[in-house]
Amino acid sequence: MKLAVFREKMDTFVKGHRRTPSDIEFRELTRRDAQSAMNKELTKLLATVQPGLQEKTRKEFDNFETLFGRFLRESGTALQWDKLKLLSDEAVKSYKNLPVPAESHAKHLLSKLVVIKLNGGLGTSMGCTGPKSAICVRNELTFLDLNVQQIEHLNKVYGVDVPLVLMNSFNTDEDTQKLLRKYSQIKVSIHTFNQSRYPRINRESLLPIPLSFGPESVEGWYPPGHGDVYQSFYNSGLLQEFIRQGKEYVFVSNIDNMGATVDLIILHPSNGPAPEFVMEVTDKTRADVKGGTLVEYEGKLRLLEIAQVPKNYVDEFKSVSKFKIFNTNNLWVSLGAIKRVVEEATLHMEIIVNPKTLDNGLNVIQLETAVGAAIKSFDGALDLLVIMSNLYTLRTGALEMSPKRAFPTVPLVKLGTHFNKVKDFLSRFASIPDVLELDHLTVSGDVTFGKEVILRGTVIIIANHGERIDIPPGAILENKIVSGNLRILDH
């Protein structure tokens, strides 16, 4: 049917103009055809939605169609590398130079704050079922436990009621609601809303995969990245309710980033009007070479992700000497500004095209956005081994780097596929090694660690195929390369 529609348009064009359409005109015709076909399929899908969910789903489909239309228009328009400019030193404020608010002003500042944690991710890549936030991190406490503990401590110390808001996905919402029941006695106002549910797109036909909204076609749907937080927060009604309560700012971060805590120094506005959007950035290290960075592009600040970098410039993008800033995905945003850019439809984030292959071998694409990419629309995570190690101490739900660490940098840790799943990871350590003086650790192959192992400097441990290395209890490895076969047997 798509072909018949397309031919009819082409015949009309040829008869009317007596010439072959140019490449631009051809692309425009095919774009309109794809957009029209998508609209028809979404209308069919909407008819399968339960009556109580139809209004919410219709809004999501409208936003998806807008994103799809942009994808059709912008696809192939690569970033022009020569237009990209590095940020000047003046463009980024140093944390140490920010004014410290008076203690008496803290309660007022916190009374204006809302905290959103991005909780849409599953722990499947780590061998877990359910939300990633349910993974135990320290002392049998999960990521979710630690986040609730942080807010509870904040509220207790300052006598405030900072609400904790979780942005779930359709994958994590049901399990998260069950987990939240255990906090009924905790003095924290916890709210939830779901990010959008978008249909995966067949890479060949550019049509949606699912045939219905029901559970039988769940593989055909996906949550469209954390950039969806602005629109979904607005659609939930929570944004408007918090503004009505007198809240002014929201702190947004990933729920598994234990370095993301409410900081009064950042919340406290410096001289002049408060900015609408603040992104926490840090020095880029070897562990962050693939992470997003801030640049100036066509006169505006822009979050540059590796997926947007032309292939022949990827190595340059990874350079820590040229691109020195790393986006932590910790954001402070004006609630009023979010309301404005959503209502005025001026929110613009670069589209991330994420290709996937389903279990049945079908090739699909997901259209996603990144939360930090919205920076141009406004005016004015740690490795599990490192988190569990003695490099950090746990204090009221927050991780603080040990003062015994000589340098305030996080060691670069690369663990092989034998450590991918949480269960396998834990089984390979009799106890987490001492890494206070570690700079770089690479482990590949079948490797286990005994109790009270100490790692210092640069340590590389490689067990080739068919070999196994057991690091004995109490071993001290400092600037060592270990390879071959070392098996410790029980007696």
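Reply: First, a word on the labels: helices (H or I, at least four residues) and strands (E, at least two) are DSSP runs, numbered from the N terminus. Keep in mind, too, that this is a predicted model.

Let's start at H226. The UniProt annotation "binding site", from an unreviewed entry, covers H226. You'll find H226 in the loop between β9 (221-222) and α7 (229-236). Leaving aside neighbours within four places in sequence, its contacts are L118, M167, N254, N329, T369, A370 and V371.

N329 is part of strand β14, and at 8% relative accessibility it counts as buried. Most residues other than glycine have a negative phi. N329, however, has a positive phi of about 70° although it is not a glycine. L206 also has a positive phi, near 60°, and is not a glycine either. L206 sits in the loop between β8 (201-202) and β9, and it is partly exposed, with a relative accessible area of 21%.

N329 also turns up among the contacts of S253. That residue belongs to strand β10 and is buried, at 0% relative accessibility. Not counting residues up to four places away in sequence, S253 touches I116, K117, L118, A260, N329 and N330.

M349 lies in the loop between α11 and β15 (352-357) and is buried, with a relative accessible area of 8%.

Y230 leads us on to the core. The largest nonpolar core has 36 residues, and I116, Y230, F277 and F378 touch the most other members. Elements that each supply at least two residues include β2 (113-119), β5 (164-168), α7 and β14 (325-334). α11 gives the most, with five residues. There is also a second, separate core of 25 residues, which includes L144, V262, L264 and W332.

How do α7 and α11 pack? Their angle is about 95°, with the axes 10 Å apart. Angles of 65 to 115 degrees count as roughly perpendicular, so α7 is roughly perpendicular to α11. From α7, the contact uses Y230, Q231, F233 and Y234, while α11 brings L335, I338, K339, V342 and E343. Sorted by type, the contact residues are six nonpolar, one polar and two charged.

One last stop is P99, found in the loop between β1 (84-85) and α4 (103-110). With a relative accessibility of 34%, P99 counts as partly exposed. P99 and H268 are 169 residues apart along the chain, yet their C-alpha atoms are separated by 7.7 Å.

Definitions and conventions:
Residues are numbered from 1 along each chain as its sequence is written. This is a predicted model: local features need pLDDT of at least 70, side-chain atom pairs count only at pLDDT 80 or more; totals for chains, interfaces and linings use all residues. Side-chain values use heavy atoms; hydrogens and water are left out. UniProt positions are given in the numbering used here, feature names are shortened, and annotations may be inferred rather than shown by experiment. Contact means heavy atoms within 4.5 Å. A nonpolar core is a set of buried Ala, Val, Leu, Ile, Met, Phe, Trp, Tyr and Cys residues joined through side-chain atoms within 4.5 Å. Buried means under 20% relative accessible area, exposed over 50%, partly exposed in between (1.4 Å probe, protein chains only). Axes are lines fitted to C-alpha atoms, for helices over the stretch in contact, and angles run from 0 to 180 degrees between N-to-C directions. Angles under 35 degrees count as roughly parallel, over 145 as roughly antiparallel, 65 to 115 as roughly perpendicular and the rest as oblique. Ala, Val, Leu, Ile, Met, Phe, Trp, Tyr, Cys and Pro count as nonpolar, Asp, Glu, Lys and Arg as charged, and the others, Gly among them, as polar.
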